[in-house]
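The sequence and structure are shown first.

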Amino acid sequence: MNLNQLRYFLVLAEVGSYSEAAFQLDIAQSTLSQAMIKLEQEFNTPLFYSEKRISYLTGAGEVLRSEARKILANVAESKEKMAQYLNGNLGCVTIGVSGSFGVTIVPRVINLYQKYHPKNQLTVRLVQGNTEQLVERLSNHEIDLGICSYSRRNEFVEFSAIKREPYVVITPTDHALATQTSVVVTDILKYPMVTFSTRSGAYYDVANILNVDMEQLAIAMQVDDPAMMAALVASGVGIAVVPRIYLLDHFDVKILPLAESRHRDVYCAWLKYQMLSPVAKEFRSLIQQSGGDVVSKN
């Protein structure tokens, strides 16, 4: 049984005449007859009976007519959905976000997409993890895109720089450094610190900024969440070197620039040879346009 046979069957059931059905279908009457014979052989039962050159459906034919209509309707609906998918009007995109990287980017991109395509049927899924976890999930086809740091650990993952965030020093508002307009590294080393854990790429960024073995520092606490770091600093646990993210403005801390400017780069990542859906491709484009100054990963 194939779709053409079902289509022929429904037309014949409607007009009740092989010659008229063949005319409407623009096929030879013998082609129509052979198609109906094959259907009856497949179901091992007559589908039509004739009276005075008019073909009527048998009971089995009535059952098949109902099912054939459903099948062809489902096929038409599937074709429509495929067309919508290929046109980017329907789809799902899974985005992996590392740390605070996507806090402002993802909502902005979703808003832009909805503004451009208010009637599109879109599902956005978010997955959180550190950069290495997101790279692994890209490799395993678990996510379409990642917003993360750069990693050299997988040659099959492509990275596109989207924004640059400066590192700053945060202190309690009554801290000795709070009156300064900028902070040098030697000042930072004098005080207990709240730092990222070794699971975070930012941990190694801070180590490079300070140019010291982190184990030699007076580390008060290690956490992965910048918001938690800011809360701990505000409570007087220590000072911290963190990327300048908008969340810092919601805490009672002093935000000070480094005397020697340093930054972290934020990237959009995807699997080089994966065939992204039209929706995912558009999201990648919107993410790439969402940042500020782009940077080179070399």
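Strands β1 (residues 48–51) and β2 pair in the antiparallel sense over four bridges. Strands pair here if DSSP finds at least two bridges between them; helices (H or I, at least four residues) and strands (E, at least two) are DSSP runs, numbered from the N terminus. The model is predicted, so local features need pLDDT of at least 70 and side-chain atom pairs count only at pLDDT 80 or more, while totals for chains, interfaces and linings use all residues. Residues are numbered from 1 along each chain as its sequence is written, and side-chain values use heavy atoms, with hydrogens and water left out.

Phe-48 stands opposite Leu-57 in β2. Two residues separate β1 and β2 in this hairpin, and Lys-52 in the turn has a positive phi of about 50 degrees. Strand β2 (residues 54–57) presents Ser-55 and Leu-57 on its covered face, with Ile-54 and Tyr-56 on the uncovered one.

## Salt bridges

A salt bridge is taken as a side-chain nitrogen of Lys or Arg within 4 Å of a carboxyl oxygen of Asp or Glu. The count by this rule is nine.

Arg-264 forms a salt bridge with Glu-165, the closest N and O atoms being 2.7 Å apart. This pair links distant parts of the chain, 99 residues apart: Arg-264 lies in strand β11 (residues 263–271) and Glu-165 in strand β6 (residues 157–172). Arg-264 is buried at 8% relative accessibility, and Glu-165 is buried at 5%; buried means under 20% relative accessible area, exposed over 50%, and partly exposed in between (1.4 Å probe, protein chains only). Lys-163 joins Glu-165 and Arg-264 in a network of salt bridges.

In the salt bridge between Glu-67 and Lys-70, the closest N and O atoms are 3.5 Å apart. Both residues belong to helix α4 (residues 59–86), three residues apart, about one turn of the helix. Glu-67 is partly exposed at 36%, and Lys-70 is partly exposed at 47%. A further salt bridge joins Asp-249 and Arg-244 (2.8 Å, N to O); Arg-244 is partly exposed, with a relative accessible area of 31%.

## Cysteines

A search of the whole structure finds zero disulfides, a disulfide being a pair of cysteine sulfur atoms within 2.5 Å. Cys-148 is in no disulfide, and its nearest cysteine sulfur, that of Cys-268, is 8.1 Å away. Cys-148 is buried at 1% relative accessibility.

Cys-92 is partly exposed, with a relative accessible area of 26%.
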